[in-house]
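Subject: A structure for you to explore

Hi there,

Here is the structure I promised to pass on to you. Have a look at it in your viewer first, and then read my notes alongside it.

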Amino acid sequence: MAENRNHPGFDVSGESLLLPGIELYALDHTSPEPEVLNALSRETHLRTTSPQMLSGHLQGTLLRMISLMCKPKLALEIGTFTGYSAICLASGISQGGTLHTIECNPEPGEIASKYFRKAGLETVIHQHIGDAFDILQELNGPFGLVFIDANKDDYIRYFEMVFPKVETGGIILADNTLWYGRVLTPQAATDRETKGIVAFNEYIRNHSGVESLLLPVRDGLTIIRKLKS
Ligand SMILES: C[S@@+](CC[C@H](N)C(=O)[O-])C[C@H]1O[C@@H](n2cnc3c(N)ncnc32)[C@H](O)[C@@H]1O
């Protein structure tokens, strides 16, 4: 999720471009947050300085639903943070399958491993602590589902490293693709995150090997389906 929060949209734990009333209504008409995720969210707010980075209940439920529909044998997440989205994604992994999740910061990684155990997912989720660019070189696919949610100015590089390892028909999800709405006025943006997200969105739009859907949920979630290598 988003690293900065300078606008009034919100949900329980983070950012949204939806009207607050709409977000609350949507949350109220979504199945309740599992206790383990609720506890993880509370601990993340108490123990980290950027709790808004966690996916939160609305987006987490969407990730879980997508994973349940894809039923991947092998999945990958870039940007674990405290593990909220990893737990959601892991819920849909096929029997005997694995979710690899990568985080460069060991501190939130500790919280994540505690909650992977609490969720009974410690044998499903394989946690990697280190730089995604190093770890991705060692991971082989084929991945059926990938979630990109780390540095916003590196999205094209993550995508290009991962794409050859995604199976045909596989799904790549990219978070924060509306970046607080700043994508609408990129000429006014001088920050590298906005530039990175705008470049990524253009790159995906022009990529002949995928079809994509940018969903205006929360801070924007793009669903990308691989058609061919
Ligand atoms: C937005 S947070 C992830 C939130 C998490 N996916 C969730 O929804 O709960 C992004 C995380 O990516 C990590 N990160 C950024 N660049 C990275 C890199 N090159 N390799 C590994 N982790 C990285 C950051 O330390 C941060 O914890």
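This is a predicted model: local features need pLDDT of at least 70, side-chain atom pairs count only at pLDDT 80 or more; totals for chains, interfaces and linings use all residues.

As background, strands of a sheet pair through backbone hydrogen bonds, and they can do so in a parallel or an antiparallel way.

Now zoom in on strand E1, residues 74-78. E1 pairs with E2 in the parallel sense, over five bridges. Two of the residue pairs to look for are alanine 75 with its bridge partner leucine 99 in E2, and isoleucine 78 with isoleucine 102, also in E2.

Why is E1 described as largely enclosed by the rest of the structure? Five of its five residues are buried, so the strand is largely enclosed.

**Two helices side by side**

Next, find helix H2 (35-47) and helix H5 (residues 106-118). Their axes come within 10 Å and cross at roughly 165°. An angle over 145 degrees counts as roughly antiparallel, and that makes H2 roughly antiparallel to H5. The crossing of H2 past H5 is right-handed.

**Around the ligand**

The ligand is surrounded by 19 residues, and the closest are Ser55, Gly79, Phe81, Ser85 and Ala132. Helix H4 (84-90), strand E2 (98-103) and helix H6 (132-138) are the elements that give two or more residues to this shell. Sorted by class, the shell holds eleven nonpolar, five polar and three charged residues.

Glutamine 52 sits in the loop between H2 and helix H3 (57-70). It counts as partly exposed because it has 19 C-beta neighbours inside 10 Å, and a residue needs 20 or more to be called buried. From glutamine 52 to alanine 86 there are 34 residues in sequence and 16 Å in space, C-alpha to C-alpha.

Which two residues does a cis peptide bond join? They are glycine 141 and proline 142, with omega at about 0°. You will find proline 142 in the loop between H6 and strand E4 (143-148).

Two further residues have a positive phi although neither is a glycine:

- Lysine 71 has a phi near 45°. Its place is the loop between H3 and E1, and it is partly exposed, with 14 other C-beta atoms within 10 Å.
- Tryptophan 179 has a phi of about 40°. Its loop lies between strand E5 (166-175) and helix H8 (192-205). Is tryptophan 179 buried or exposed? With 26 C-beta neighbours inside 10 Å, tryptophan 179 counts as buried.

Enjoy looking around, and write back with any questions!

Best wishes

Terms used. Residues are numbered from 1 along each chain as its sequence is written. A residue is near a molecule or strand if its C-beta atom, placed from the backbone, lies within 6 Å of it. Helices (H or I, at least four residues) and strands (E, at least two) are DSSP runs, numbered from the N terminus. Ala, Val, Leu, Ile, Met, Phe, Trp, Tyr, Cys and Pro count as nonpolar, Asp, Glu, Lys and Arg as charged, and the others, Gly among them, as polar. A residue is buried if 20 or more other C-beta atoms lie within 10 Å of its own, exposed if 12 or fewer, and partly exposed in between; C-beta atoms are placed from the backbone. Two strands pair if DSSP finds at least two bridges between them. Axes are lines fitted to C-alpha atoms, for helices over the stretch in contact, and angles run from 0 to 180 degrees between N-to-C directions. Angles under 35 degrees count as roughly parallel, over 145 as roughly antiparallel, 65 to 115 as roughly perpendicular and the rest as oblique. A crossing is left-handed if the near helix is turned anticlockwise from the far one by less than a right angle, and right-handed if clockwise.
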